[in-house]
Amino acid sequence: MSFFIETLAWLLDPANWIGAGGIPTRLAQHLLFTLVTLIVAAVIAVPIGFVIGHTGRGRGLAVAISGAFRAIPTLGLLTLVALWVGIGLSAPFVALIVLAIPPILAGAYTGFEAIDRKIIDAARAVGMSEAQILLKVELPLGLPLLIGGLRSATLQVVATATLAAYIANFGLGRYLFEGLRIRDYGEMLGGSVLVILLAIVLEGVFALIQKLVVPRGVTEGLPTDIRDGSSRSRPVMETTIEKGNSNVHST
Amino acid sequence: MIEFHAVTNRFPDGTLAVDDFSLVLPSYKTTVFVGTSGSGKTTLLRMINRMVDPTSGSIDIDGADIGTLEPVKLRRGIGYVMQNSGLLPHRKVIDNVATVPMLRGMPKKRAREEALQLLDTVGLDRSLANRYPSQLSGGQQQRVGVARGLAVNPNILLMDEPFGAVDPIVRAELQQELLRLQRELGKTVVFVTHDIDEAFLLGDQVVILRTGGKVAQVGSPAEILANPIDEFVATFVGADRGKRSLHVENHGDGDIVVDETGRLAGVLVGSSTTSSRASAASQSGSESQCGSESKAGPRGPGASAQGGDSR
C-alpha cells in the first residue's frame, strides 16, 4: 500500500515536473525516440514487405528472418551494439529497430496477401501497370493490416525504449534505473506508470487510425445498405426485363 | 479480327492447357468458347490480352502480332469483364468505370461524365454512381463490370464467364442486355462459358472445346445442333439425351412442346391457333417461350410486356 502512496507522491511532486530531468522533458524524449525508431524501421520494413506481398516471393525467407529477429534478446543486442559503437543513443536505437522490424514487415505483406486475388487479377487485366496495382489497389486495401503491424511495433518499442536509459541519460527509463539504484521504489513505479500511460495513449491513437484507414467501400455494404440498394434499382431492372421479353416476342 | 495461329499453351507443370489451336474470330461478331473445366477456354481468352502468353504459336489482332505489343498498353485497348465483376472495392461505381480512361490520360471530369453515360448504356440508374460495389446486388455489379469493359470504347470485349455467379433470372436479363448492346455497339465479343444454352443464345460462332484445349467443333449454333460432329459434341449439347429433339403433344389446353425425355419444354406459339393460345399461355404464367422458365418471374407485368409488343 505504501508503494502506491510513494508513487503518487512522486508523481505529484512539482519538483519532478520541471527541468532537464523533469517528467515532461523525459516524456517528450521517450516519445520522440519511439517515433524516430518506428519511422526508420518502417522505411526499412515496409518496402520489403510490399515487394514480398506483391510478388508473393520471399515470404518463407521473411518469416524465417523475422522469427530470428524476434528471438534476439533486446537487452543482449543492446549491450553488444553498445560495446561496439560505445555509450550513447546509437545502441538502443539499433536494438529497437531490430525489435520493430518483424511486426511491421508482417503487417505489410499480410495486408497485401489478404486481398482477394481476383481483384488484383482484374486490375491487371484492365491495364494497370504493376506500380499502379501496388499504389492504387494493394496499398489502400492492405493499409489496415499495415497499420496493425505498426501498432504492435509501437507498443513493443515504447515499452522497450526504457532500455535506452541503460546506457544513456535518456527517456522515461531513467526513472526505473535511477530508482532501482537508489532504492526509490516510488520513482520506479512512477516511471512505470508513465510508460504504461504513454503506451495506452499510443494504442488508442493507432486503434483510431486503423479504423479510419479502412476504405469506405470495404466497411460499407452492411445488410441494410444492400437491401436499400436493390430496392431502389428495381424499376431499372424491370424495364430491362420487359425490353428483353419484347425482343423475344418480336423475333 | 482476331486470329489464332497454331497456339499452344503448356503450364509450367507440363499440363497442356491449349493444344495447337488455330481459329479466326470475325470482327463485330460474338465468338463463344464453351467447354468443361480444364478445356482451356479461359486460357484462350486470357491469351488475347496477354494475361497469358502462348508457349508457341502467335495471335494477331487486325493483322498485328500481339506478341510484339506492350501488354499494359494492349490491355488498355481491350474491354475485359470477369466473373464476380472484379471491381475495386475501395472505389465508387463511377470511379471503377472511369478507371481505365483515366489510366489512358483522360481528365477526371470527362471520364466521370462518360462513365455516367455508360451506366445508362448498361441499364443502371445514375443514382448508383456514388455507391461502392459492395452496396450493389450481384447483377448490378456485373453491369458495372460491363460498363467498365466498355469504358475505353474498345473494338474487342473479352468476357470470362461474366454471368456465371448470378441467379438464373438475373442471368437471363443480362444475356438479353448483352444481345441488345451487341446489336447497338457491334463489338468483337469473345465470351467464355460452360453453359451450352448460353453459348447458343449469344454466339454467332460457337467453339466447343474438349479437355486439353482441343477443338471439338466450330460453327454457328444451328450447324452444331444440326450436325454434331461426334459423340462428345452430341453429349455436350444434349442431343444424345433427347434434350434437343422436340415434338408437340396436344394436351387439350394447348400444344405443348416436349423433349424425348418427357420434360415439358414449352408451349407452341405462332401457329394458326395462336390467338386463343396466347391468352391461355399468359394465364398459365408467362412461359410462352420454349425453356424460358428462368425468365418467367412472378410478375403481373406479363400484360405490360405484351403492351410493349404493340409498339
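This is a predicted model: local features need pLDDT of at least 70, side-chain atom pairs count only at pLDDT 80 or more; totals for chains, interfaces and linings use all residues.
Colleague: How is the packing of two helices described?

Modeller: Two packed helices are described by the angle between their axes and by the distance between the axes. Axes are lines fitted to C-alpha atoms, for helices over the stretch in contact, and angles run from 0 to 180 degrees between N-to-C directions. Helices (H or I, at least four residues) and strands (E, at least two) are DSSP runs, numbered from the N terminus. In chain A, helix α2 (residues 23-55) packs against helix α5 (residues 90-113) at an angle of about 35°, and their axes are 7 Å apart.

Colleague: Which hand does the crossing of α2(A) and α5(A) have?

Modeller: A crossing is left-handed if the near helix is turned anticlockwise from the far one by less than a right angle, and right-handed if clockwise. The crossing of α2(A) and α5(A) is right-handed. The contact of α2(A) with α5(A) has 23 nonpolar, four polar and no charged residues. In this classification Ala, Val, Leu, Ile, Met, Phe, Trp, Tyr, Cys and Pro count as nonpolar, Asp, Glu, Lys and Arg as charged, and the others, Gly among them, as polar.

Colleague: At what angle do α4(A) and α5(A) pack?

Modeller: Helix α4 (residues 74-85) of chain A packs with α5(A) at about 140°, with the axes 8 Å apart. That angle makes α4(A) oblique to α5(A). Angles under 35 degrees count as roughly parallel, over 145 as roughly antiparallel, 65 to 115 as roughly perpendicular and the rest as oblique. The crossing of α4(A) and α5(A) is right-handed. Residues of α4(A), including Leu77(A) and Val81(A), meet residues of α5(A), including Val94(A) and Val98(A). By class, the contact of α4(A) with α5(A) has 11 nonpolar, two polar and no charged residues.

Colleague: How are α5(B) and α6(B) arranged?

Modeller: Helix α5 (residues 138-150) and helix α6 (residues 168-185) of chain B have axes that come within 11 Å and cross at roughly 20°. Therefore α5(B) is roughly parallel to α6(B). Among the residues making the contact are Arg143(B) and Val146(B) of α5(B), and Glu173(B) and Leu174(B) of α6(B). This contact of α5(B) with α6(B) has six nonpolar, two polar and three charged residues.

Colleague: How do the strands of a sheet pair?

Modeller: Strands of a sheet pair through backbone hydrogen bonds, either parallel or antiparallel. Two strands count as paired if DSSP finds at least two bridges between them. Chain B has an open sheet of six strands in the order β6-β7-β8-β3-β9-β10, with mixed pairing. Its edge strands are β6 (78-82) and β10 (214-219), each pairing on one side only. The twist averages 15° from one strand to the next. Strand β6(B) runs parallel to β7 (residues 156-160) of chain B, joined by five bridges, and Tyr80(B) stands opposite Leu158(B) in β7(B).

Colleague: Where in chain B is there a hairpin?

Modeller: Strands β1(B) and β2(B) form a hairpin with five residues between them, and Gly14(B) in the turn has a positive phi of about 100°. Strand β1 (residues 2-10) and strand β2 (residues 16-25) of chain B pair in the antiparallel sense over six bridges. Asn9(B) has Val18(B) in β2(B) as its bridge partner.

Colleague: Is Leu88(B) buried or exposed?

Modeller: Buried means under 20% relative accessible area, exposed over 50%, and partly exposed in between (1.4 Å probe, protein chains only). Leu88(B) has a relative accessible area of 1%, so this residue is buried. Leu88(B) lies in the loop between β6 and α3 of chain B. Contact means heavy atoms within 4.5 Å. Leaving aside neighbours within four places in sequence, Leu88(B) is in contact with residues including Ile119(A), Met128(A) and Asn96(B).

Colleague: Which of the terms buried or exposed applies to Asn96(B), and which to Thr68(B)?

Modeller: Asn96(B), in helix α3 (residues 93-103) of chain B, counts as buried because its relative accessibility is 0%. Thr68(B), in the loop between β5 (64-65) and α2 (71-76) of chain B, counts as exposed because its relative accessibility is 64%.

Technical notes
Residues are numbered from 1 along each chain as its sequence is written. Chains are lettered from A and ligands numbered from 1 in the order in which they are written. Side-chain values use heavy atoms; hydrogens and water are left out.
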